[in-house]
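Me: I am new to this structure. Please show me how to read a few of its features.

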Amino acid sequence: MDRGNTKQEILEASLRLFSVQGFEATSISQIAGAVGIRKASLYSHFESKQAILNAIVKDVLEQYGEHSIFAGADWEQDTGDLPMTADAAVQMIQGQIRYILHDTSISRARKMLVIEQFRNPELAKLQTKQNYSDVLWYFTGLVKQLIRQGVLAEDDPEIMAAQLCLPISVWINLCDREPDLEQGVMELVEKHIRQFFRLYQPGK
């Protein structure tokens, strides 16, 4: 087996196990068995289970940075691709939801963070950053820009952002637990976004 391929298989198998059992509960022996190699062979690629986790986090964050609407925005420098209408916002946000629900690595990493958030301090910080702080930062910046553009009425942008994005975060978590509910959740997301734009329509 090619060394490069083996290393990638170790990462994929580890993330699969971490997303079901958690990082702490998964052993090196289980990872080696899932890949079909001996523990000694695994250690020739990674010095420890922590090193595997570090590589997974690095890879997933890089991938997320390339595809996520949250990672690419720089509200201090430019306006980005603003969704100037409710239709555009629905399309953008639903696209992001589909990405994070259906990309295998992103989905598994998110489930791992949920499992480990009360056991691993570093993963707890990452969970807060990825699933709360960064999301609220992005939507606060977006709302501020839409207020400046006259698309939304002026109000407290952070509260407006929380009203817009936090219910969506809850619905994403629901889909993680109940994948069959995704279609209904997507319909709720659309209604939610359209109502938000109506409620904050300028001049109302």
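Reply: Start with helices: they are DSSP runs (H or I, at least four residues), numbered from the N terminus. The expected span is 1.5 Å times one less than the number of residues. This is a predicted model, where local features need pLDDT of at least 70 and side-chain atom pairs count only at pLDDT 80 or more, while totals for chains, interfaces and linings use all residues. Residues are numbered from 1 along each chain as its sequence is written, and side-chain values use heavy atoms, with hydrogens and water left out.

Me: How many residues does helix α7 have?

Reply: Helix α7 has 13, residues 104-116. From first C-alpha to last it reaches 18 Å, close to the expected 18 Å.

Me: Which residues of α7 are buried?

Reply: Buried means under 20% relative accessible area (exposed is over 50%, partly exposed in between; 1.4 Å probe, protein chains only). In α7, Ile106, Ser107, Ala109, Arg110, Met112, Leu113 and Glu116 are buried.

Me: At what angle do the axes of α6 and α7 cross?

Reply: Axes are lines fitted to C-alpha atoms, for helices over the stretch in contact, and angles run from 0 to 180 degrees between N-to-C directions. Helix α6 (residues 86-102) and α7 cross at roughly 75°, their axes coming within 5 Å. Angles of 65 to 115 degrees count as roughly perpendicular (under 35 roughly parallel, over 145 roughly antiparallel, the rest oblique). So α6 and α7 are roughly perpendicular.

Me: Is Gln130 buried or exposed?

Reply: Gln130 lies in helix α8 (residues 121-148). Gln130 counts as buried because its relative accessibility is 13%.

Methods: Helices (H or I, at least four residues) and strands (E, at least two) are DSSP runs, numbered from the N terminus.
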